[in-house]
Amino acid sequence: MIFGRTERGKAPVEPVTLKILVAGGFGVGKTTLVGAVSEIKPLRTEELLTEAGRPVDDTSGVEGKHTTTVAMDFGRITLREDLVLYLFGTPGQDRFWFLWDELATGALGAVVLADTRRLEDCFAAVDYFERRSIPFVVGVNCFEGASRYPAEDVRQALDLDAAVPVVLCDARGRESVKEVLIEVVQHAMAYAAERRHPITG
């Protein structure tokens, strides 16, 4: 590159940057997902779980969890030369939900991460994005030892609209997470196009 231009005379591509939220219940794998795919060292705001928090932090099903996100996780991934995603992981516990509105400002879409062992924990996130008309994808994090269910069974259990994508994923795997993020971008673009040109019948 010479003076801001490539040697072939093409101007460098100015990437489009998009904001994606990663939400879901406590201990579902949001921090893991952001860390698995981020090309920068992810910003984390984790604190140790304490005895004082035991009455309000339900760790059943995630007994091995010792830390919790208290503000957000932040990461970045370049999907294409011209497309960069900024990932914001939301805190999972009810007492930190006041942060969600701030994090959701300007978001293109969201991933609602779900654990089939504690599926009810993602109801609040689904409801949040539905009420605010923010397009979202449900990513079912396939934990080792957890029962596997077809995507359609999860859709019915969560009472999701037919247009909401449900994808099985491994929050630890970079390629698996990338597929989920691509699905979010495609779904959000289709959602925006439909709102611009609604089908009347």
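Student: Is Y128 buried or exposed?
Tutor: In this predicted model, the relative accessibility of Y128 comes to 10%. Buried means under 20%, so Y128 counts as buried.

Student: What is the geometry of the pair formed by the rings of Y128 and F129?
Tutor: The ring centres of Y128 and F129 lie 5.3 Å apart, and their planes stand at 90°. Planes over 60 degrees apart count as edge-to-face, so the pair of Y128 and F129 is edge-to-face.

Student: Which helices hold W100 and Y128, whose rings also pair?
Tutor: The rings of W100 and Y128 have centres 5.2 Å apart and planes at 80°, which makes this pair edge-to-face. The pair ties together parts that are 28 residues apart in sequence, because W100 belongs to helix α2 (residues 100-104) and Y128 to helix α3 (residues 123-131).

Student: Which residues form one aromatic cluster with Y128?
Tutor: The count of aromatic pairs comes to 6. The cluster that contains Y128 is made up, besides Y128, of W100, F129 and F136.

Student: How many disulfides does a search of the whole structure find?
Tutor: For C142, the nearest cysteine sulfur is that of C169, 6.5 Å away. A disulfide needs the two sulfur atoms within 2.5 Å, so C142 is in no disulfide. A search of the whole structure finds 0 disulfides.

Student: What is the relative accessibility of C169?
Tutor: C142 is buried, with a relative accessible area of 15%. C169 counts as buried too, and its relative accessibility is 4%.

Definitions and conventions:
Residues numbered from 1 in each chain as written. Predicted model: local features only at pLDDT ≥ 70, side-chain atom pairs only at ≥ 80, totals over all residues. Heavy atoms only, no water. Buried < 20%, exposed > 50% of the residue type's maximum accessible area, 1.4 Å probe, protein only. Phe/Tyr/Trp six-rings, centres within 6.5 Å; stacked < 30°, edge-to-face > 60°. Helix = DSSP H or I, 4+ residues; strand = E, 2+ residues; numbered from the N terminus.
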